[in-house]
Amino acid sequence: MGPAMTARSPSKTKKASRADTPAASSLDQLAITQLNGVGDKVAAKLSGLGILTVQDVLFHLPMRYQDRTRIRQVGTLLAGEEVMVEVEVDVSEVVIRRRRSLLCRVSDGTGSLTLRFFHFSQKQAASLARGTRIRCFSEVRKGPAGLEMVHPEYTFVRESESLPDSLTAFYPATDGVNQLMLRKLTDQALGLMEKRSPAELLPQDSEALAGYPNLATALKTVHRPPAGIDVDSLLDGSHVALQRLAIEELVAHRLGLLQQRLRRRDNQSAVIAPAGDLLERLIARLGFPLTGAQARVTAEIREGMRSASPMLRLLQGDVGAGKTVVAAAAAALCVESGMQVAIMAPTEILAEQHLLNFTEWFEPLGVEVGWLSGKLGARARRDAIEAIALGRSGIVVGTHALFQQDVEFSNLGLAIVDEQHRFGVHQRMALRNKGVAGQVPHQLIMTATPIPRTLAMTAYADLDLSVLDELPPGRTPVNTVAVESSRRGEVATRIAAAIAEGRQVYWVCTLIEESESLQAEAAEDTSLWLQESMPQVRTGLVHGRLKSQEKEQVMSLFKQCQLDLLVATTVIEVGVDVPNASLMVIENAERLGLSQLHQLRGRVGRGAAASTCILLYQAPLTKTAHERLDIMRNTNDGFVIAEKDLSLRGAGEVLGTRQTGAADFRIADLSRDADLLGVVTVLADGVLDSPAGVAALIRRWIGDERREYGAV
Ligand code: ADP
Ligand code: MG
């Protein structure tokens with residue numbers, strides 16, 4: 001149950017209860033109090049479950065089922081099954097061992113089993129006498145003397161009592177609202193639906209929905225599954241009825257995001273349309289021309305910032321695609337218009353690298369680049385904050401420190417966030433609120449995690465998307481090999497050879513779900529071992545427990561080619577740029593996600609030299625682990641890898657848990673339903689023409705309240 005369901009405004013109840021007779025109004029206008037058995041007291045309890053209207057009852061879906069539609073033969077039962085049997089009591093006795101209990105031996109001609117009761121009355125014991133016929137429903141367990149049922153539900157068999165023809169549904173319930181009541185309410189709601197089904201809001205004749213049941217049929221199936229249905233497919237969501245509902249929910253979600261994007265247009269921001277040639281002068285300083293993709297994306301950003309309503313753009317570009325240059329181009333446009341730019345990176349190392357680049361590029365052009373990190377001394381910090389507040393710093397580079405309350409910009413026009421997956425929603429919002437009063441800065445969010453197009457259109461429908469789909473020229477693809485961990489001695493030899501040729505090498509130590517300190521220890525051990533086996537090699541070590549100054553020192557020595565080998569934990573995962581490094585070793589590669597491996601591997605292959613990535617693994621490999629390493633060996637394309645990651649590990653891996661967690665679906669599951677997303681986009685576009693349809697879908701699935709989604 002999403003929070004939005006419970007967050008609906010109570011005014012809706014009032015409006016609905018004024019609704020006319022059941023026959024005339026649609027089910028989302030019909031208050032729950034119109035159903036039999038629902039007075040004000042029950043209605044209040046139901047509202048706690050998010051149920052205010054008859055339509056809400058239909059969208060309050062079962063979480064599990066019991067199959068009482070058929071009688072099973074005792075001889076065929078397996079422990080763990082929940083079944084109904086019809087049996088005759090053979091022996092019934094009260095035994096007193098550890099506990100006083102009533103044991104009934106029962107059979108149906110195909111086999112026998114024991115019923116065990118710990119709580120029972122004298123009368124009950126007597127009623128279960130030899131020869132009595134009963135119907136029992138319970139889970140079957142393994143007991144000391146064969147299969148048994150503990151405290152089964154049972155009824156005495158009268159003449160040809162009929163069985164239900166659908167599975168029994170169990171709903172999320174609450175105090176004062178039990179299963180029986182929920183079943184009665186759904187029966188009534190389903191009955192009303194027969195006469196007048198809830199509005200079909202998707203174009204049912206669309207080809208995209210071919211093969212799926214209509215909404216009414218899907219709801220009927222989910223609430224009252226016919227006997228013989230594949231229950232597992234209902235529970236895991238793969239049944240077409242649930243898929244039909246998931247599609248509709250995803251369409252509603254996409255429409256909600258698109259609407260949010262429209263609403264953003266109501267905000268004001270500075271028009272950035274400089275007339276000068278700062279951008280041209282910046283490009284001239286780079287020492288290389290922009291790639292076609294960089295030029296295209298720069299034009300997209302320029303167009304976005306020209307508008308008086310805020311741009312919110314996600315820039316995706318594979319590792320090494322050259323996002324920093326694009327960020328600098330955007331910054332140049334903004335600065336030339338007399339507005340400030342903030343650039344924020346998730347780690348000190350990355351922020352420092354941006355600082356180096358931006359200082360080198362911009363200071364000769366007369367633009368002052370400010371610096372704000374958590375590690376600044378009090379005095380330096382005060383100076384930095386003053387320069388920002390007075391507008392002296394045209395560009396400010398920093399870490400999370402930029403979010404802090406006392407950091408006030410003179411006139412922030414553009415906020416650039418690098419490696420966005422490392423930041424939470426609130427942090428980005430904090431930067432968004434640092435604009436001039438009444439204005440929202442334009443935002444450029446950069447990510448090196450390529451997101452498959454279909455997934456991006458659903459998860460980030462509220463953002464403008466730009467893609468850097470071309471690498472700078474002269475890159476040689478990284479050659480990737482998988483090597484069993486026991487052969488690390490040979491790997492060391494290979495490292496020594498590469499270093500003898502003047503190349504530099506990364507060795508990445510990874511431990512999954514272990515503490516920072518364990519990671520650091522492992523890296524220390526590895527670094528010692530490497531130093532012992534190659535005393536001539538200049539080795540450095542960075543891990544999360546070093547002070548940022550120490551880290552910076554090691555990194556800059558490595559950058560200046562004064563270290564040959566850098567042993568590191570995954571702190572170097574994103575952004576670090578050393579073109580002369582051409583060999584990378586990654587430990588425990590089989591335990592990392594593809595996207596993360598790809599990020600790490602992107603640290604090499606940045607120069608002209610042929611680069612190699614050695615994936616060390618612990619044998620034996622599982623089939624999937626094998627498959628994953630194969631993908632890494634066979635492709636360098638981040639988008640292909642993201643597609644594979646999506647199918648192997650799901651959307652969480654691709655988007656980061658924060659992003660998927662932000663959208664809590666009632667039925668849909670971005671991982672499981674990835675293959676529905678194409679259909680979802682088509683259908684959502686089809687509904688867009690009808691504002692009433694859009695509103696109704698959003699109300700049905702998301703609720704009336706405005707919802708803040710992850711990406712704004
Ligand atoms: P990422 O997209 O991973 O942040 P970077 O911005 O760090 O990539 O760029 C990676 C490397 O490519 C840097 O060394 C950068 O100077 C270089 N680079 C960027 N754009 C170009 C270009 N158009 N031509 C040549 N090299 C480029
Ligand atoms: Mg980068």
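The secondary structure of the protein, taken from a predicted model, comprises 26 helices and 22 strands; these are DSSP runs numbered from the N terminus, with helices (H or I) of at least four residues and strands (E) of at least two. Local features require pLDDT of at least 70 and side-chain atom pairs pLDDT 80 or more, while totals for chains, interfaces and linings use all residues, and side-chain values rest on heavy atoms, with hydrogens and water left out. Residues are numbered from 1 along each chain as its sequence is written, and chains are lettered from A and ligands numbered from 1 in the order in which they are written.

The accessible surface comes to about 31000 Å², and 50% of it belongs to carbon and sulfur atoms; areas come from the Shrake-Rupley method with a 1.4 Å probe, and for residues only the protein chains shown count as cover. Among contacts (heavy atoms within 4.5 Å) between residues at least 6 apart in sequence, 74% join residues at least 24 apart.

One has seven strands in the order E12-E13-E11-E14-E15-E10-E16, with parallel pairing, where two strands pair if DSSP finds at least two bridges between them. Strand E12 (369–372) and strand E16 (464–468) form the edges, each pairing on one side only. Neighbouring strands here are turned by 20° against each other on average, direction ignored. Within this sheet, strands E10 (residues 312–317) and E15 (residues 442–447) run parallel and are joined by five bridges, with Arg313 opposite Leu444 in E15. Helix H13 (residues 348–362) lies across E11, E12 and E13, at about 165° to E12; axes are lines fitted to C-alpha atoms, for helices over the stretch in contact, and angles run from 0 to 180 degrees between N-to-C directions.

The other open sheet has six strands, ordered E17-E22-E21-E18-E20-E19, again with parallel pairing. Its edge strands are E17 (479–484) and E19 (539–542), and the twist averages 20° from one strand to the next. Four bridges pair E21 (residues 581–586) with E22 (residues 612–617) in the parallel sense, and Met584 stands opposite Cys613 in E22. Helix H20 (residues 594–601) lies across E17, E18, E21 and E22, at about 150° to E21.

Ligand 1 has 17 residues around it, of which Gly320, Lys323, Thr324, Arg475 and Asp577 come nearest; a residue is near if one of its heavy atoms lies within 4 Å. An oxygen atom of the ligand is 2.6 Å from an N or O atom in the side chain of Thr324, and a polar side-chain atom of Arg606 lies 3.3 Å from a ligand oxygen. Taken alone, ligand 1 exposes 560 Å², and the protein buries 86% of that.

Helix H7 (residues 215–223) includes His223. Seven of the nine H7 residues are buried, so this helix is largely enclosed by the rest of the structure. His223 itself counts as buried because its relative accessibility is 0%. Its side chain makes a polar contact of 2.8 Å with that of Tyr171; such a contact is a pair of N or O atoms within 3.5 Å, and within protein one must be able to donate a hydrogen and the other to accept it, residues adjacent in sequence counting only if both atoms are side-chain atoms.

How values were computed:
Buried means under 20% relative accessible area, exposed over 50%, partly exposed in between (1.4 Å probe, protein chains only).
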